[in-house]
Amino acid sequence: MTTQPEHLDLPRIDLRGFVSPVQLLPRLGDHLGLEVWCKRDDLGSVGLAGNKVRKLEAELAHARALGATHIVTEGSRHSNATRAAAAAAAALGLRCTLVLCHDEPKEPVGNLLLDALFGADLRLVGDVSWVELAGLTTDVVRELEVAGERVHRLPIGSATGRGAASFVHAYLEATDQLAAHGVAPRTIVHASSGGSTHAGLVLGRTLRGQATRILGVVVAGEVYEDVPGTYLRLANEGADLVAPGLRVTGSDLELTQDYLGEGYGEAAPGVTEAIDLMARLEGIVVDPVYTAKAVAAIIDLAGRGLIEGPVLFWHTGGYHSMFDPSLAARVWANLPRLRDLRL
């Protein structure tokens, strides 16, 4: 068994101010016939929380050390990562430019409204591919550097080795919290896009020498040409930072695209039921872009007897997209108890 070091040497800035709790979900668990807990990374201080804030604690500490004064990153207009980056930059007195794809909304709502409130410069580039988005972001970085800005570019979703290393801390934190309740999770399920959350959780499990199943529910399979290969690279880059000599292999990763549906931000089987059950049984909001797809996986796998409890659902945040008119209308139209209401 690998021994856990007393501390992990990763420079960080505290952006959260507290440790997000773990919470038993008794009513959902009774419904599924399964013990289910939730890691509430949807709760927090800066930027209305989410898993990306953990990554930014490490990434922006690095940016500061490099003398950066301007943060540039890219993503969808629904992106939790860009919203968190804008908020963190505001809290630290850094300028921030966001390059955002997908169709431009008729109203400034959801994460886009928050991006603007946090003072980010928004560059809306239309419905382009992820590859095209990366190229357009490179152009923006060059433009700002020519203008004299000291730019630090964050890759999509803050998916870096530092981001992965930050989730080693997260894994140790959550498993210690559950242990205080006398619980050892058999399965951890989370929504996955950029990859550093999954990479870090797997690395944390490897560091502890545990056998917990960690299932990454892919919600944006088109981001990378080689999804598993990219996740593996992130895990080992994180290992280089906090546990040199430790290696993660491809067989350590478990990813599923079974709940991706029509793609990022698009409809997927089980999403409406997941949103309904979490809200009605536990008073917790999950969103159709990210977290509802992970809950849909838990519900489906429980129904088929393919998941072992105790299960920890890692709530990575992102409920803000529920307030986007297109997504809210889809949920309303597909949930009978809402559809039948007369407003």
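Residues are numbered from 1 along each chain as its sequence is written, and side-chain values use heavy atoms, with hydrogens and water left out. Because the model is predicted, local features need pLDDT of at least 70 and side-chain atom pairs count only at pLDDT 80 or more, whereas totals for chains, interfaces and linings use all residues.

**Exercise 1. State what average pLDDT the protein has, and which stretch has a pLDDT below 50.**

Begin with the score itself: pLDDT is the predictor's confidence in each residue, from 0 to 100. The protein averages 91, and 97% of the residues score at least 70. Next, turn to residues 1-6, where the pLDDT is below 50 and where the model has twelve contacts beyond near neighbours in sequence (a contact means heavy atoms within 4.5 Å). Where pLDDT is low, the predicted coordinates should not be read in detail.

**Exercise 2. Describe the interface of domain 1 and domain 2.**

First take the bounds, which come from an automatic or database domain assignment: domain 1 covers 22-48 + 160-334, and domain 2 covers 52-157. Their centres, taken over C-alpha atoms, are 23 Å apart. Then consider the contacts, in which 29 residues of domain 1 meet 27 residues of domain 2. The area buried between the two domains (the accessible area, with a 1.4 Å probe, that two parts lose on being put together, summed over both) is about 2300 Å², and carbon and sulfur atoms give 59% of it. Finally, four salt bridges cross this interface, where a salt bridge is a side-chain nitrogen of Lys or Arg within 4 Å of a carboxyl oxygen of Asp or Glu. On the side of domain 1 that touches domain 2, the elements giving two or more residues are α6 (161-180), α7 (196-208) and α11 (325-334), and α6 gives the most, with six residues.

**Exercise 3. Locate Thr291 and list what its side chain and its surroundings show.**

Thr291 is placed in helix α10 (residues 291-303), helices being DSSP runs of H or I with at least four residues. With a relative accessible area of 1%, Thr291 is buried. Its side chain joins that of Asp287 in a polar contact of 2.8 Å; such a contact is a pair of N or O atoms within 3.5 Å, and within protein one must be able to donate a hydrogen and the other to accept it, while residues adjacent in sequence count only if both atoms are side-chain atoms. Leaving aside residues up to four places away in sequence, Thr291 touches Ala191, Val286, Phe313, His315, Thr316 and Gly317.

Terms used:
Buried < 20%, exposed > 50% of the residue type's maximum accessible area, 1.4 Å probe, protein only.
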